[in-house]
Amino acid sequence: MKSQAFIELLMKRTPPLPLSFLLDINSPIMWVNCEEEYTSSTYLAPRCHSKTCAKAGASSCFSCARPTRPGCHNNTCELMVTCPLTRQRAPCELAQDVLSIPLSQGLHGQLATIEQYTFACASSRLIQPGYPKGIRGVVGFGPTPLSFPYQLASSLGHRRAFCLCLAASSQETGALFFGTVPTSIPLVGETKLIISRQSEYSIGVRSLSISGQSIQLPSLLGIQEGVVQTRISTTERYLILHSSILKVVTQSFVSQLQGVRQVQAIAPFGVCFDHESIRSRKVLPNIDLVLHGENVVWSLVGANLLVSPQPGVACLVAVDGGVRLQAPIVLGVHPLQNYLLHFDLEASTLRFSRSLLLGGRTCFGHRHRRMGHKQACKLMIRNAFTKMASVGNLSEDTISLQSTNGLNPRSTVSTQFLFVSAPENLSQGLASHARGVAGLGQSMLALPTQLSAAFNFSRKFAVCLPPSTYSNGVIFFGDGPYAMLPGIDISKILIYTPLVVPSTKDHYFIHVKSIEVNGNRVPLDSSLLHINGRGKGGTMISTTEPYSILESSIYKSFASVFIKEAKAMNISLVARVAPFEVCFSTKPRDEFPYRPAMPTIDLVLQTKEVFWRIFETNSMVPVSEDVTCLGFLDGGSNPKASIVIGGHLLEDNLLQFDLESSRLGFTSTLLLRGTSCTSFNFTSIP
């Protein structure tokens, strides 16, 4: 028996972590227990009286006397949240963080990421007591701007709607679909979705009948527009009825089961039967809800109306809600199981299927596709190009690579290797011939760490990217030499700067102290060049971003200085060519038959004497025969890194990542040395 509905595999925070939440379709916002093991480099707490606070309806300011941590800051937004099981309320800090969620297209699962998902950071006392072990909070699906469906629709661009199918057992998996309806499951009824004064989902019930026997609803219920308000809940367990309705429903249900032996009722149920006696009946009574609309009937079948609280006993799932219910009828989890419910929040309609059991199916039959063995270790993986994420199985196989003495390839070597088997749809957005992604990060499963352990060399690697997909670059694992034709050992000309290791260790950062163009310093807010307490800022190196990206204020100042220097060199500014904002003419002019080189850019590092000089081949992107554009993009006002050194800037530069000494060795363009990243001698020597 399953008494509540849960969502699993919500990957929240950075680094991502699988969490489990209680699903409450009526809660207005997600709230998370932040007191226990919540660490994240991307956590944000909106300031008091900000637009985000107003959107959440948070008018008070939050304060915290304890040490700063997620959920404990001063002058942030205070929001009251409610535990739907205990009805306990507590003040929480409004927060934002990265969130990834399994979405569905048809019946195949995938993950999408929202960079700044708004939620409430709650204390652990809201979890205890009443929550199953492992639950970290509540996901609210209510009809409010910061509920789960609203934020997903706003971020991902789909219709503000969701389909819900609750499983009947904790050993089974239900299904959630956002935006569209799975076409393989027909929806047979549609009724108006009513939003109550408490911002909860309700429908209007005109009348009830049990196996065709009509039940007169008591007039004392305050029926409006000919219907009884019926609330839908994923936190109530059973069918909760106003005392007067329960009385007539129970009498009618029992009358339909003549010959079935009753046994002593077990609380909270009012009537129970001998299980074997019930099983002997081929047909069990249905409860039909006649809804608001023309000839709209929702039939609750026998499996949704009986529950077994102990072996040998089956009880009618209806329980007494007293006489002061806000809604005279509440459809809880048990009566909703194995129905597909489509909540269209834009059209204000609820559509529903017949019980899937009538077709020999269950919600479990429409779970997300799983790969591999049931007991395999699961890891979250992300496509950095499309920003999509998924869960794959940890796997092991043999990997083979060419060894080298730094001058030529030598014999092929092999070793056992751990990797993640990804679902096929995660490879979307990769190059046509690419089968996956080689991770060169700092984790224990990354290529450099596994290979250094297997072959006993230094935990270093060097990357030299080619300027074209029609030529090969080279990656060296281990120490130099790194020889390029015509016999130049690049390892001897490296300049070194410390690697800055963020708390998440998920990217490579260096510390840039300033930027200069033709020796002229770019004015900028130097605090942006440091990684702050929220894990933002600094300078990140990326091989997945095609061009370099600057925080908006840095970009505007940098572009202004660059344009000024280019004009001083008689280089003409021309119209922008997307995605670039700053473009120049490369046409020779009569008075200047040879166009001068573009301004040089220096990333000044730990001292004035240590800088990374960027020449035209890496700073400019030719977009036509007569136009070239500055290969830097505006990254907005709140990026993860203030400076991202992208792939174009790295071309024909060799970078050595020394993970043991935590330093980066780099060159400027190798073209000035008479060589390039395509100049490694790939002629094998036995």
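Start by selecting Tyr117, Phe141, Phe148, Phe162, Phe178, Tyr201 and Phe343, which form one aromatic cluster. Rings of Phe, Tyr and Trp (its six-membered ring) pair if their centres lie within 6.5 Å; planes under 30 degrees apart count as stacked, over 60 as edge-to-face and the rest as tilted. This is a predicted model, where local features need pLDDT of at least 70, side-chain atom pairs count only at pLDDT 80 or more, and totals for chains, interfaces and linings use all residues. Residues are numbered from 1 along each chain as its sequence is written, and side-chain values use heavy atoms, leaving out hydrogens and water.

The structure holds 26 aromatic pairs. Next, pick Tyr43 and Phe119, an edge-to-face pair at 6.4 Å centre to centre with 80° between the planes. Tyr43 lies in the loop between β3 (31–33) and α1 (51–56) and Phe119 in strand β7 (residues 108–122), so this pair ties together parts that are 76 residues apart in sequence. Strands (E, at least two residues) and helices (H or I, at least four) are DSSP runs, numbered from the N terminus.

Now move to Trp612 and Phe666, a stacked pair with centres 4.9 Å apart and 20° between the planes. Trp612 is in strand β43 (residues 611–614) and Phe666 in strand β49 (residues 663–666), 54 residues apart.

Then select Arg663 with Tyr496: the charged end of Arg663 sits over the ring of Tyr496, 3.7 Å from its centre. For this, CZ of Arg or NZ of Lys must be within 6 Å of the ring centre and within 35 degrees of the ring normal.
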